[in-house]
Amino acid sequence: MAPNLLVLGGTTEATALCRRLADAGIAGTVSLAGRVERPRPQPLSQRVGGFGGAEGLADYLRAQKITHVVDATHPFAARMSANAVAGCAVAGVPLIALTRAPWQAGPGDDWRHVPDIAGAVAALSGAPARVFLAVGRQHLAAFAAAPQHHYLLRLVDPPTEQLPLPHHRVVVERGPFTEAGDLALMRAQGTELVVSKNSGGSGASAKLAAAGALGVPVIMIDRPALPARRETHEIATVLDWIGHHPADLGV
């Protein structure tokens with residue numbers, strides 16, 4: 001039986017993997033969470049939405065006769081990644097995660113690490129500042145607890161409802177971004193502080209390089225803890241893993 005993959009996607013790495021799979025003639029489906037109104041076109045068939053937890057994912061894997069699962073979700077999609085580990089274990093389907101290496105501070109960078117979104121909000125308890133808030137639309141409500149700041153928000157889609165931050169500017173733009181572009185943006189906005197998840201990868205790292213060049217501090221939100229699983233940063237390793245986990249063996 002030929003491989004039939006499920007790629008848990010939503011990242012640039014997932015799109016690149018799907019392109020390689022399509023080029024290799026490997027059948028599969030990419031699943032997106034549905035948080036973006038206009039997702040990038042995918043070279044594999046596409047589904048949108050959740051599965052209904054780990055058991056729902058296991059049911060889907062059985063029903064669709066999925067032979068391999070690749071978790072290429074965002075590093076902060078902790079619930080989906082945990083459900084992938086549990087659901088694949090229940091269904092007996094092998095799983096590998098295609099992840100990004102986390103960002104590391106360089107010489108002269110001023111990074112203040114916090115464990116989660118709540119820690120980032122607590123770190124903003126001081127005097128008003130102009131803050132580049134790069135945490136994604138789903139977390140904005142938490143920062144209403146620090147309403148004194150003027151927030152610069154960069155979103156993939158225009159907001160469809162009133163945002164909970166009294167002082168803000170929205171820039172609608174899709175990455176990848178450049179250091180020159182983010183330098184210009186942060187200078188124009190008078191950015192004094194950047195808040196970022198440690199997402200890794202190259203598509204959104206420009207703001208960190210710009211912050212370093214401008215001497216702007218960064219509140220860096222560390223990645224969530226995840227269950228143990230096989231991981232790689234390389235698409236070639238995923239393809240090799242598929243070849244060494246034949247579908248007819250179910251391993």
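**Close-up views of a predicted model**

**Figure 1. Contact between helices α1 and α7 in the predicted model.** Glu-13, Ala-16, Leu-17, Arg-20 and Leu-21 of α1 meet Ile-235, Val-238, Leu-239 and Ile-242 of α7. Helix α1 covers residues 12–23 and helix α7 residues 235–243; they pack at an angle of about 50 degrees, and their axes are 10 Å apart. An angle between 35 and 65 degrees counts as oblique, and α1 and α7 are therefore oblique to each other. Their crossing is right-handed.

Figure 2. The relative accessible area of Ile-96 is 1%; the cut-off for a buried residue is under 20%, so Ile-96 is buried. Not counting residues up to four places away in sequence, Ile-96 touches Val-69, Val-70, Asp-71, Arg-230, Thr-232, Val-238 and Trp-241. One of these, Val-238, is also among the α7 residues that meet α1. Another, Trp-241, is 145 residues from Ile-96 in sequence, with a C-alpha to C-alpha distance of 8.2 Å.

**Figure 3. Strands β1 and β2.** Strand β1 (residues 4–8) pairs with β2 in the parallel sense, over five bridges. Leu-6 has Thr-29 of β2 as its bridge partner. Strand β2 runs from residue 27 to 32 and is mostly covered, with five of its six residues buried. Both β1 and β2 are also among the elements that cover the buried residues of α2.

**Figure 4. Helix α2 against helix α3 and its other surroundings.** Helix α2 (residues 53–63) packs on helix α3 (residues 78–91) at an angle of about 50 degrees, the axes lying 8 Å apart. This makes α2 oblique to α3. The crossing of α2 past α3 is right-handed. On the α2 side the contact is made by Gly-53, Ala-54, Glu-55, Leu-57, Ala-58, Leu-61 and Arg-62. On the α3 side it is made by Met-80, Asn-83, Ala-84, Ala-86, Gly-87, Cys-88, Val-90 and Ala-91. Buried residues in α2 are Ala-54, Gly-56, Leu-57, Ala-58, Tyr-60 and Leu-61. Their cover includes α3 together with strands β1, β2, β3 (45–48) and β4 (68–71). Just after α2, Lys-65 has a positive phi of about 55 degrees.

**Figure 5. The open sheet of six strands.** The strand order is β6-β11-β10-β7-β8-β9, with parallel pairing. Strands β6 (111–114) and β9 (168–172) stand at the edges; each has a single partner strand, so one side of each has no neighbour in the sheet. From one strand to the next the twist averages 20 degrees. Within the sheet, β10 (residues 193–197) pairs with β11 (residues 218–221) in the parallel sense over four bridges. Val-194 stands opposite Val-218 of β11.

**Figure 6. Helices α5 and α6 on the sheet.** Helix α5 (residues 179–189) packs on the sheet and touches β7 (130–134), β8 (150–155), β9 and β10. The direction of α5 makes about 150 degrees with that of β8. Helix α6 (residues 206–214) also packs on the sheet, where it touches β6, β7, β8, β10 and β11. Its direction makes about 150 degrees with that of β10. The axes of the two helices, α5 and α6, come within 8 Å and cross at roughly 60 degrees. They are therefore oblique to each other, and α5 passes α6 in a right-handed crossing. Glu-179, Asp-182, Leu-183, Met-186 and Arg-187 of α5 make the contact with Ala-206, Lys-207, Ala-209, Ala-210, Ala-211, Ala-213 and Leu-214 of α6.

**Figure 7. Nonpolar cores.** The largest nonpolar core has 21 residues. Those with the most contacts inside this core are Leu-124, Leu-133, Val-135, Phe-143, Tyr-151, Leu-153 and Val-195. At least two of the core residues come from each of α4 (117–123), β7, β8, β10 and β11. Val-135 is in contact with Ile-117, Leu-140, Phe-143, Val-195, Lys-197 and Ile-221, leaving aside neighbours within four places in sequence. Another core, of 18 residues, lies apart from the largest one and includes Leu-5, Leu-17, Cys-18 and Leu-44. Of these, Leu-17 is also one of the α1 residues that meet α7.

Definitions and conventions. Residues are numbered from 1 along each chain as its sequence is written. This is a predicted model: local features need pLDDT of at least 70, side-chain atom pairs count only at pLDDT 80 or more; totals for chains, interfaces and linings use all residues. Side-chain values use heavy atoms; hydrogens and water are left out. Two strands pair if DSSP finds at least two bridges between them. Axes are lines fitted to C-alpha atoms, for helices over the stretch in contact, and angles run from 0 to 180 degrees between N-to-C directions. Contact means heavy atoms within 4.5 Å. A nonpolar core is a set of buried Ala, Val, Leu, Ile, Met, Phe, Trp, Tyr and Cys residues joined through side-chain atoms within 4.5 Å. Buried means under 20% relative accessible area, exposed over 50%, partly exposed in between (1.4 Å probe, protein chains only). Angles under 35 degrees count as roughly parallel, over 145 as roughly antiparallel, 65 to 115 as roughly perpendicular and the rest as oblique. A crossing is left-handed if the near helix is turned anticlockwise from the far one by less than a right angle, and right-handed if clockwise.
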